Amino acid sequence: MMRILLLLISLLSFSFCNQEDWRKQMEAENQKVILQVEKDHKLIRAYASKNSDWVKSSKTKELAVQNFLKEIIQNNSQNDYYVSWDEKMSVIFPNTLGKGTLLDTTPLAEYKKVLETRESFAITEIKNRIQGKQYRITSIDWEKPRIYGDIIGHKPKTIKIQIDNQVIDLEQIKMVFGTKSGYKVGVIGP
């Protein structure tokens, strides 16, 4: 018992002695992150000056949802009707930067990992819900459009899909973005 008490006292005194070093180390790490975020923001602003648009898009926001679902269910891909990383960098990020998203405070490399993880979970959930069966979109209710610079975000309140005789809510499509050229599913998540 005495050994345990002596060990605890030693550990506590050691941790108090190094507390100042720990704070300095954290401040240095925070500064590195801040500098990286600032560098990434400059890169995003450089992409903004290219005045890009979607490579491929849909004529309506409803068609964007339909094309996206068809692509991931039937073609087992998300190449045409979900935003690519380049489209995020050139179309979405320049317009959403500074609007209170995780992008404002997170380095791009980490942000990309977060998005890829969320997207992977969302696609898996959609596939599990539909299970390769025939489906039909019965209705999509939208929230009020949100203006992000040169793009407009359309957030679905509910997406109802009929599979066999059952109607389910599909909640994984979080945002459809519209530009001058058309609409594209831009945010998905679990």
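**Pocket, core and strand pairs in a predicted model**

Biologist: In this predicted model, which residues lie nearest the centre of the largest pocket?

Modeller: The lining of the largest pocket is made up of 21 residues. Those nearest the pocket centre are Thr101, Tyr111, Leu115, Phe177 and Val187.

Biologist: Which element gives the largest share of the lining of the largest pocket?

Modeller: At least two lining residues each come from helix H4 (85–96), H5, strand E2 (146–148), strand E6 (173–178) and strand E7 (183–188). The largest share is five residues, and the element that gives it is H5.

Biologist: Is Phe177 buried or exposed?

Modeller: Phe177 sits in strand E6 and is one of the residues nearest the centre of the largest pocket. Buried means under 20% relative accessible area. Phe177 has 3% relative accessibility, so it counts as buried.

Biologist: Which element gives the largest share of the largest nonpolar core?

Modeller: That core has 40 residues, and Phe68, Leu69, Phe93, Ile161 and Ile173 touch the most other members. Two or more residues each come from helix H3 (61–74), H4, H5, strand E1 (135–142), E4, E6 and E7. The largest share of this core is seven residues, and they belong to H5.

Biologist: How far apart are the end C-alpha atoms of H5, and why does that agree with its number of residues?

Modeller: Helix H5 covers residues 108–130, which is 23 residues. At 1.5 Å a residue the span should be 33 Å, so the model agrees with an end-to-end C-alpha distance of 32 Å.

Biologist: Which residues of H5 are buried, and which residue with a positive phi follows the helix?

Modeller: The buried set in H5 is Leu108, Tyr111, Leu115, Glu119, Ala122, Ile123, Ile126 and Ile130. Tyr111 and Leu115 are also among the residues nearest the centre of the largest pocket. After H5 comes a residue with a positive phi, near 55°, and that residue is Gln131.

Biologist: How far apart are the end C-alpha atoms of H4?

Modeller: H4 has twelve residues, and a straight helix at 1.5 Å a residue would reach 16 Å. The end C-alpha atoms of H4 fall short of this, at only 14 Å.

Biologist: Why is H4 described as largely enclosed?

Modeller: The buried residues of H4 include Glu87, Lys88, Met89 and Phe93. Phe93 is also one of the core members that touch the most others. H4 is largely enclosed by the rest of the structure because the buried residues number nine of the twelve.

Biologist: How many bridges join E1 to E4?

Modeller: E1 and E4 run antiparallel. Trp142 stands opposite Pro156 in E4. The number of bridges joining E1 to E4 is seven.

Biologist: Which residue in E5 is the bridge partner of Ile161?

Modeller: Strand E4 (residues 156–163) runs antiparallel to strand E5 (residues 166–169), with four bridges between them. The two strands form a hairpin with two residues between them, and Asp164 in the turn has a positive phi of about 55°. Lys160 has Asp169 in E5 as its bridge partner. For Ile161, the partner in E5 is Ile168.

Notes:
Residues are numbered from 1 along each chain as its sequence is written. This is a predicted model: local features need pLDDT of at least 70, side-chain atom pairs count only at pLDDT 80 or more; totals for chains, interfaces and linings use all residues. Side-chain values use heavy atoms; hydrogens and water are left out. Two strands pair if DSSP finds at least two bridges between them. The expected span of a helix is 1.5 Å times one less than its number of residues. Buried means under 20% relative accessible area, exposed over 50%, partly exposed in between (1.4 Å probe, protein chains only). On a 1 Å grid over the protein atoms alone, a cavity is a set of points where a 1.4 Å probe fits but cannot get out, and a pocket is an open set with protein on both sides within 12 Å along at least five of seven lines; lining residues have an atom within 4 Å of a point. A nonpolar core is a set of buried Ala, Val, Leu, Ile, Met, Phe, Trp, Tyr and Cys residues joined through side-chain atoms within 4.5 Å.
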